[in-house]
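Please look over the model shown here before reading on. The report that comes after it goes through the arrangement of the chains and some of the elements inside them.

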There are 2 protein chains.
Amino acid sequence: MNTKQIVLASRPTGTPQLTDFRFELTELPELNPGDVFLKPLFFSVDPYLRGRMKDAKSYINPFQIDQPIESNALATVIKSKSDKFEPGDLIMRMLPWREMTIVSDKDLQKIDATSEHISYYLSVLGMTGLTAYFGLMHICKPLAGETVVISAAAGAVGLVVGQIARIHGCRVVGIAGSDEKVRLLVEGFDFDQAINYKTAPDLSDAIAAACPEGVDVYFDNVGGEISDAVLSNLNFKARIAICGQISLYNSTTIPVGPRLQPIILSKSALMKGFLINNYKSEFPEGMKYLTKWVKEGKLKFTETVFHGFAQLPTAFLGLFNGENTGKMIVKV
Amino acid sequence: MNTKQIVLASRPTGTPQLTDFRFELTELPELNPGDVFLKPLFFSVDPYLRGRMKDAKSYINPFQIDQPIESNALATVIKSKSDKFEPGDLIMRMLPWREMTIVSDKDLQKIDATSEHISYYLSVLGMTGLTAYFGLMHICKPLAGETVVISAAAGAVGLVVGQIARIHGCRVVGIAGSDEKVRLLVEGFDFDQAINYKTAPDLSDAIAAACPEGVDVYFDNVGGEISDAVLSNLNFKARIAICGQISLYNSTTIPVGPRLQPIILSKSALMKGFLINNYKSEFPEGMKYLTKWVKEGKLKFTETVFHGFAQLPTAFLGLFNGENTGKMIVKV
């Protein structure tokens with residue numbers, strides 16, 4: 001049986017292009033004992049996938065040329081030769097970008113979908129929520145009354161970080177790339193203030209004005225000059241979680257900027273990078289709180305949904321133009 | 001009664017010069033009840049004093065033009081109108097650069113000198129030792145078998161960090177600025193390996209060769225390009241203590257370099273700056289271990305001593321040329 005797939009045609013130089021992807025037909029293997037036949041419903045597209053397009057040693061293997069891209073997905077079981085899954089089951093797993101796929105039942109996670117938004121298991125009730133939770137609560141450890149600044153605040157992780165910080169009594173200031181996002185953060189997601197970095201005459205001054213008591217916690221998703229502006233407003237003993245650096249992922253040269261260590265030293269600041277899988281053993285703790293807050297209505301969420309399997313590369317490229325508010329997903 | 005003092009004549013631009021200091025006579029006040037009259041024996045000179053010469057808000061007040069420089073000192077009590085101190089007592093305190101001085105007995109710490117090297121209370125048995133201890137043990141938390149790299153390794157703090165890391169079973173690699181220092185680190189202070197950054201053809205390669213299993217801990221006293229070379233060799237979950245940035249203290253422009261956050265992110269690394277006073281409440285813990293290790297002969301030390309009160313500015317300037325091995329002090 002044939003299915004459509006999307007492979008990496010070439011390793012991008014700088015900003016990825018549609019031509020770095022190729023659509024093609026592939027033949028699925030036989031369904032062997034222990035296998036399940038899946039139809040993906042939603043694919044997550046995430047900035048970190050850019051890193052896997054480079055041929056560089058990393059915490060996760062690079063994508064191979066002519067091989068399918070893969071990302072986290074929700075899928076429904078169509079046929080099963082596994083005694084653990086039956087048709088109709090909803091599962092979550094890293095899946096190749098294929099319209100249909102066959103996987104072994106090992107490491108396959110069944111989702112007991114209680115949320116009406118099943119796609120939320122790819123975001124606020126999944127990796128996105130956990131990333132926000134552990135980065136904020138385990139690295140930054142915000143205290144009530146402290147000021148928390150978030151870059152890419154209207155992105156998937158940023159939205160959740162801001163709301164968790166509000167739940168803990170912090171003043172929350174978001175940085176985003178449009179007036180519409182800025183309005184949404186304040187009016188829809190309870191941020192105390194938000195700044196459009198594209199129109200602020202001086203971003204450092206704008207942050208100083210929005211944070212009259214300075215910045216105690218910075219949750220960084222973007223890096224680059226936005227971070228320079230935040231770091232010039234740090235308080236003594238500030239904590240900085242490095243979750244993403246999307247502004248630099250497409251750099252073709254080594255990004256250069258003001259040296260950080262003098263600030264880290266003079267402010268006795270802590271900076272820590274993390275991958276969500278570092279916290280794997282503590283996921284149940286994170287899920288407990290995320291589920292609770294979503295149920296209580298304290299943690300709201302939104303998605304940008306592209307429709308159709310063919311939209312996967314376009315949706316991914318959109319991440320680098322800030323086309324998403326909340327989680328970027330593709331409904332296939 | 002008159003005494004000689006050294007005041008800040010002008011705020012240095014770039015590297016401090018002798019002309020930024022001025023010697024003059026000043027009249028000491030009357031000895032009031034609660035006061036003690038002190039004769040300083042040793043002054044500590046430290047890189048951080050450079051920061052106090054700038055007119056910038058910081059964790060400690062800037063020096064004022066025409067006012068004496070001050071630094072940590074050991075002094076002997078000559079006369080006392082305090083009931084807590086008597087002539088002959090040895091005390092340690094921040095003191096102005098004066099040949100004689102009068103201070104109140106408040107915040108005055110008596111030293112019960114049991115070490116034969118009383119000047120060690122300004123270094124390995126004082127702030128230097130505590131800085132090494134807390135930066136390494138409380139921030140970097142090295143595990144036996146891990147690789148620890150230290151910049152300015154033959155400096156006061158570096159020497160102690162390396163030996164504490166060896167006591168904890170680490171592989172210890174020092175970076176220093178002369179072949180003589182490199183030899184001393186390995187032959188005199190038990191470092192596994194040491195690198196002369198001034199003669200290494202490629203410092204990053206030299207560090208890679210000295211650290212075949214990568215760098216787990218980096219104790220940074222210097223910053224700049226030396227740190228760039230270390231950071232290109234970090235292991236996953238590396239820890240970096242920022243203790244000093246002496247290579248940048250005399251910069252007249254904002255120092256620029258490769259952006260750090262991408263490395264911090266991809267390595268899930270932790271970077272933390274600190275001031276020794278952040279750990280004040282835990283000093284007894286640090287002193288307990290330092291005293292024990294010195295007594296057991298596991299923690300050795302050395303000093304560079306300049307002789308004579310008039311040498312204070314020269315000794316201070318020497319810090320920026322790496323003229324010291326171990327602690328730089330002035331015996332007055």
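What follows is a description of a predicted model, beginning with the relation between the chains and ending with a single loop residue.

**The two chains**

Chain B can be superposed on chain A with an RMSD of 0.0 Å by a turn of 180 degrees, with a shift of 0.0 Å along the axis. The two copies are thus related as by a two-fold rotation axis. The same surface serves both of them, since 100% of the contact residues of chain B recur in chain A.

In that interface, 29 residues of chain B are in contact with 29 residues of chain A. On the side of chain B that touches chain A, at least two residues each are supplied by β13 (256–258), α7 (261–266) and β14 (270–273) of chain B, and the largest share, five residues, comes from α7(B). Sorted by class, this side of chain B consists of 15 nonpolar, ten polar and four charged residues. Strand pairing also crosses between the chains, for β14 of chain A (residues 270–273) and β14(B) pair in the antiparallel sense over three bridges, and Met271(A) has Met271(B) in β14(B) as its bridge partner.

**Domains of chain A**

The domain assignment of chain A gives domain 1 (2–122 + 302–331) and domain 2 (127–278 + 288–292), and the C-alpha centres of these two domains lie 28 Å apart. Their contact takes 14 residues from domain 1 of chain A and 15 residues from domain 2 of chain A. The residues on the domain 1 side of this contact divide into three nonpolar, nine polar and two charged.

| Helix | Buried residues |
|---|---|
| α5(A), residues 203–210 | Leu203(A), Ala206(A), Ile207(A), Ala210(A) |
| α5(B), residues 203–210 | Leu203(B), Ala206(B), Ile207(B), Ala210(B) |

In α5(B), the buried residues fall within an arc of 100 degrees when seen down the axis, so they line one face of the helix. An α-helix has 3.6 residues a turn, so residues three or four places apart point the same way. The buried residues of α5(B) pack against β8 (147–150), β9 (171–176), β10 (193–196) and α6 (224–231) of chain B. In chain A, the buried residues of α5(A) pack against β8 (147–150), β9 (171–176), β10 (193–196) and α6 (224–231) of that chain.

**A loop residue in chain B**

Is Gly14(B) buried or exposed? Gly14(B), which is placed in the loop between β1 (2–8) and β2 (21–27) of chain B, is exposed, because 10 other C-beta atoms lie within 10 Å and a residue counts as exposed at 12 or fewer. Apart from its neighbours within four places in sequence, Gly14(B) is in contact with Asn250(B) and Thr252(B). Between Gly14(B) and Ala56(B), which are 42 residues apart in sequence, the distance from C-alpha to C-alpha is 15 Å.

Notes:
Residues are numbered from 1 along each chain as its sequence is written. Chains are lettered from A and ligands numbered from 1 in the order in which they are written. This is a predicted model: local features need pLDDT of at least 70, side-chain atom pairs count only at pLDDT 80 or more; totals for chains, interfaces and linings use all residues. Helices (H or I, at least four residues) and strands (E, at least two) are DSSP runs, numbered from the N terminus. A residue is buried if 20 or more other C-beta atoms lie within 10 Å of its own, exposed if 12 or fewer, and partly exposed in between; C-beta atoms are placed from the backbone. Two residues are in contact if their C-beta atoms, placed from the backbone, lie within 7 Å. Ala, Val, Leu, Ile, Met, Phe, Trp, Tyr, Cys and Pro count as nonpolar, Asp, Glu, Lys and Arg as charged, and the others, Gly among them, as polar. Two strands pair if DSSP finds at least two bridges between them. The arc is that of the directions from the helix axis to the C-beta atoms. Domain bounds come from an automatic or database domain assignment. Copies are superposed by least squares on the C-alpha atoms of residues with pLDDT of at least 70 in both.
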